[in-house]
Amino acid sequence: MSKLGTITRRTFLVASAAVAGGVIFGTYKYKQPVPNPLLDSEAAKQPDFASLNPYIKIDQDGVTVITPRAEMGQGIHSTLAMMVAEELDLDWKTIKTEHGPASNSYYVSTMMEAMAGHQYDHSKKANIIRDLTHIPAKFMGMQITGGSASTSDGFVKMRSAGASARLALTLAAAQEWGVKADTLKTEDGFVINPANDEKLAYTALAVKAAAIEAPADPPLRDPSQWRYIGKSVARVDIPAKTNGTAEFAIDVKQEGMLHATVKMSPRFGAGIKSSDTSKAEAMAGVEKVIKLGNNGFAVVANNTWRAFKAADAIEVDWDVASYPADTAGIMKVYEDSFTTEPNGTFDEKGDVELIFADAGGDLVTAEYRVPHLAHSTMEPMTAVAQVKDGRVDIWAGAQSPTGARDAVMAADTLEEGTVHIHTTYLGGGFGRRSENDFVLSAYEIAKQTDGKPVKVTWSREEDMQHDTYRPAAIARFKGVMDPKKPLAIDVQIASASIFLSMSKRSSMPNMGADPLIAEGTAGQPDDIENVRIRTYAPELDIPVGFWRSVGASYNGFFHESFMDELAASKDLDPVAMRLETFGDLTPTGNKVVEKVAEMAGWKGRKGEDGGGRGFAYTLSFGAHTAQIIDVSMTDRGIKIDKVYCAIDVGVAIDPRNIEAQVQSGIIYGLTSAMSGEITFEDGMVVQSNYHDSPAMRIHQTPEIEVAILENNPRITGVGEPGTPPSIPALANAVFALTGKRIRELPMNRYVDFV
Amino acid sequence: MSINTKLNVNGKDHEVSVEPEMPLLWVLRDEIGLTGTKFGCGIAQCGACTVHVDGQAIRSCSYPVGQIKGKVTTIEGLGSPDVMSKVQEAWIEAQTPQCGYCQSGQIMSAAALLSANPNPTDDDIDRAMAGNICRCGAYPRIRAAIHAAAKSMQEA
């Protein structure tokens with residue numbers, strides 16, 4: 001048979017994913033191993049260097065695991081290293097990790113799984129399609145940390161890397177000793193011959209092992225043999241984060257480095273009408289003021305504070321914005337979008353109109369609203385850049401190192417291999433650092449500093465007022481109840497399309513119907529006969545982007561508030577009602593709800609001490625997550641007393657770390673629920689810093705109890721799923737306490753919190 | 001206008017030539033090169049820049065260097081990577097940091113609290129730590145680490 005024939009027969013077309021990527025891929029090429037970027041590094045020139053695959057580097061000092069995901073607090077370097085250590089038999093105390101270079105070889109296989117259909121669909125067909133999305137993911141080669149995808153992506157990949165390396169090292173020892181490989185064992189970084197207790201360190205075998213071709217997908221150990229997975233280890237990044245030595249981009253030091261900041265147009269897309277930079281240029285320590293296109297200025301100085309002061313002294317008259325000047329006008333565009341053609345339709349089944357026509361007084365309606373939100377990472381946007389001798393080096397806390405690299409290359413049609421991204425620790429990410437704006441402006445500035453490296457630090461004000469915001473959103477629900485559960489739910493959701501916004505500032509294609517607008521309302525395991533979800537995408541030149549849990553960050557609030565309202569309309573217990581709705585997901589989903597009810601000793605909306613209790617459940621990023629929040633009234637306002645959370649992650653790699661991530665997601669959500677908002681006046685963002693955009697503080701933080709379940713048939717990530725249900729659980733608790741149904745965020749517009 | 005200013009940081013004397021109104025934070029970070037102390041907000045709202053002056057916690061982003069009269073201690077001076085302080089040890093034991101960016105400030109606030117109050121209650125912790133924001137929400141473990149540090153310091 002001709003080679004072409006073989007290829008054709010093996011070629012798959014993954015419809016939805018291929019459309020998104022704009023290309024069709026064949027598995028013949030997918031099956032080829034990825035190139036190993038470690039072999040191009042400086043270290044590879046050392047005689048004792050060996051890299052057994054893109055994830056494992058061995059030199060005289062020991063084994064280093066390449067953990068090519070952004071460490072932004074989620075402990076991913078440790079999680080991925082545990083997977084390698086599990087199969088490679090490493091001693092955890094000797095583990096070293098490195099983020100490694102930006103490389104398409106470090107693509108995320110599982111990033112596009114959501115396109116295969118609903119997360120709860122675990123039919124054979126859905127799983128096959130889900131696995132097929134790994135093919136275009138490989139060809140797109142996007143190395144990105146997001147979508148709670150790093151753990152699910154690494155689970156097979158990292159263990160296979162460890163197992164394959166272990167095999168190669170064992171074969172190398174067998175050659176050395178002239179014995180059969182299957183008589184040898186491995187332990188804590190050594191190959192051991194049990195016949196005579198001889199041992200050889202991996203470090204001594206590495207160079208020989210690197211010449212042995214081991215299978216890329218050897219058999220993996222049975223979970224019963226796991227030594228690390230399922231236990232809690234000491235995170236590798238924590239010591240440096242307690243003694244000030246952890247290096248964030250803002251801490252990078254380079255010889256002769258200058259310090260810079262930016263002053264960008266406060267109205268998105270509006271340029272400079274007139275400006276006077278003479279005062280700034282004359283200030284102490286200022287090297288130069290650079291114009292960044294028509295979008296703003298950069299000040300280069302010898303100290304960050306001097307750069308900040310000079311940036312304040314630049315006088316500019318900015319153009320007007322293309323979008324309405326204030327929040328009311330912006331939200332009017334959102335409201336008007338309901339009269340346009342839907343952007344997408346999801347989960348349609350039954351006939352909602354027919355049910356509503358007969359509903360009469362049983363029709364329940366509600367409208368909910370959420371504002372724009374900033375990410376507000378603790379470390380403002382920062383990058384260090386150097387452009388010298390045809391080479392670009394950028395140190396940044398990048399959630400998308402290949403995206404950052406490609407954006408810099410595209411800016412000046414630079415040749416492949418000239419742009420080097422060094423990924424540092426991230427002082428918070430939450431989606432903000434998947435953008436390339438802060439990297440690109442650092443590059444533009446470094447082009448004008450005569451080869452000197454320059455650190456560009458945004459002020460908090462610039463950061464908060466030039467974010468890629470979580471879009472605002474409005475949802476209009478209609479519903480009718482059966483005696484025990486909803487009979488019909490119809491919802492229209494208006495929110496700006498993140499993919500459309502990103503397509504205007506990056507190479508990301510606009511997908512048309514944007515599934516993110518509906519995620520968290522769509523894709524919920526609702527065994528409900530009549531459903532219709534329609535989305536609308538108002539278009540404004542306010543940049544919007546990925547914010548922890550994305551669409552589910554507002555859809556969780558919309559959907560779970562409405563479910564609570566429906567239950568209340570029939571005096572039903574919201575927990576009991578939810579247990580009726582799992583359908584195909586029984587019993588996995590039920591167990592999560594039952595667990596949280598058991599933890600809280602749930603007997604209804606009223607707590608024993610007169611407090612209010614709120615329940616919510618969201619399936620997001622594949623993880624079933626149920627929460628109950630207790631609140632009480634004090635003379636200083638409503639106090640959040642306690643949060644209970646049950647989450648099903650399929651396989652819990654490190655329970656103590658999962659607990660931290662879930663607590664983190666909840667606190668991030670509760671901050672937004674209580675007080676999070678970005679508003680506009682005169683075309684500009686009103687909020688500027690933590691005094692007018694408060695974050696939850698320690699005295700407001702309740703005890704948060706987390707239970708981890710493992711019934712889910714696929715492993716899930718945990719960075720995001722904690723966030724969506726926290727917001728409605730609080731709103732539902734406030735309703736239980738006060739009788740007041742809050743349908744618009746933030747809640748501090750309507751009630752006071754301690 | 002820059003003037004020569006003497007500063008004792010972590011037991012070491014430094015002489016810097018800066019404007020007296022330059023906040024201590026930027027003297028530490030950009031002039032002396034001690035980057036363990038972080039910039040978060042610049043207006044004493046987030047606590048990421050917390051250091052000690054004669055043992056008192058202050059927000060270095062809003063404290064002009066010309067007004068510093070005492071000895072400055074930063075996270076680098078609280079312990080060394082080899083011998084960490086009891087507070088830092090408790091922080092590791094509780095696996096407190098997430099992204100870690102605010103943690104220098106959190107630890108400096110906690111260390112000042114514990115030296116003034118060796119056995120703080122939850123209310124004491126709330127009051128002393130309310131000035132330190134953590135966007136990762138590591139607060140439950142910050143609280144646990146402070147209680148654990150108090151215990152280990154009393155036992156020592």
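Which residue of E2(A) is the bridge partner of Ala50(A)? In strand E2 of chain A, that partner is Ile58(A).

## Basis of the model

This is a predicted model, in which local features need pLDDT of at least 70, side-chain atom pairs count only at pLDDT 80 or more, and totals for chains, interfaces and linings use all residues. Residues are numbered from 1 along each chain as its sequence is written, while chains are lettered from A and ligands numbered from 1 in the order in which they are written.

The pLDDT is the predictor's confidence in each residue, on a scale from 0 to 100. Chain A has an average pLDDT of 92, and 94% of its residues score at least 70. Over residues 1–29 of chain A, however, pLDDT stays under 50, and the model has 37 contacts beyond four places in sequence for this stretch. Where pLDDT is low, the predicted coordinates should not be read in detail. Two residues are in contact if their C-beta atoms, placed from the backbone, lie within 7 Å.

## Strands of chain A

Helices (H or I, at least four residues) and strands (E, at least two) are DSSP runs, numbered from the N terminus. Two strands pair if DSSP finds at least two bridges between them. Strand E1 (residues 50–53) and strand E2 (residues 56–59) of chain A are antiparallel and share three bridges; a hairpin of two residues joins E1(A) to E2(A). E2(A) also runs antiparallel to strand E3 (residues 62–66) of chain A, with four bridges, and a hairpin through two residues links E2(A) to E3(A). Here Ile58(A) stands opposite Val63(A).

Strand E24 (residues 637–648) of chain A pairs with E27(A) in the parallel sense over seven bridges, and Val643(A) stands opposite Ile704(A) in E27(A).

## Two helices of chain A

Two packed helices are described by the angle between their axes and the distance between the axes. Axes are lines fitted to C-alpha atoms, for helices over the stretch in contact, and angles run from 0 to 180 degrees between N-to-C directions. The axes of helix H17 (residues 552–569) and helix H21 (residues 723–738) of chain A come within 7 Å and cross at roughly 35°. Among the residues that make this contact are Gly556(A) and Phe557(A) of H17(A), and Pro728(A) and Phe735(A) of H21(A). The contact residues comprise eight nonpolar, five polar and two charged. In this classification, Ala, Val, Leu, Ile, Met, Phe, Trp, Tyr, Cys and Pro count as nonpolar, Asp, Glu, Lys and Arg as charged, and the others, Gly among them, as polar.

Chain B is divided into domain 1 (3–77) and domain 2 (79–155), with bounds that come from an automatic or database domain assignment. The C-alpha centres of the two domains of chain B lie 20 Å apart. In chain B, 15 residues of domain 1 are in contact with twelve residues of domain 2.

Between the chains, 49 residues of chain B are in contact with 48 residues of chain A. Helix H6 of chain B gives the most to the side of chain B that touches chain A, with five residues. By class, this side of chain B has 26 nonpolar, 15 polar and eight charged residues.
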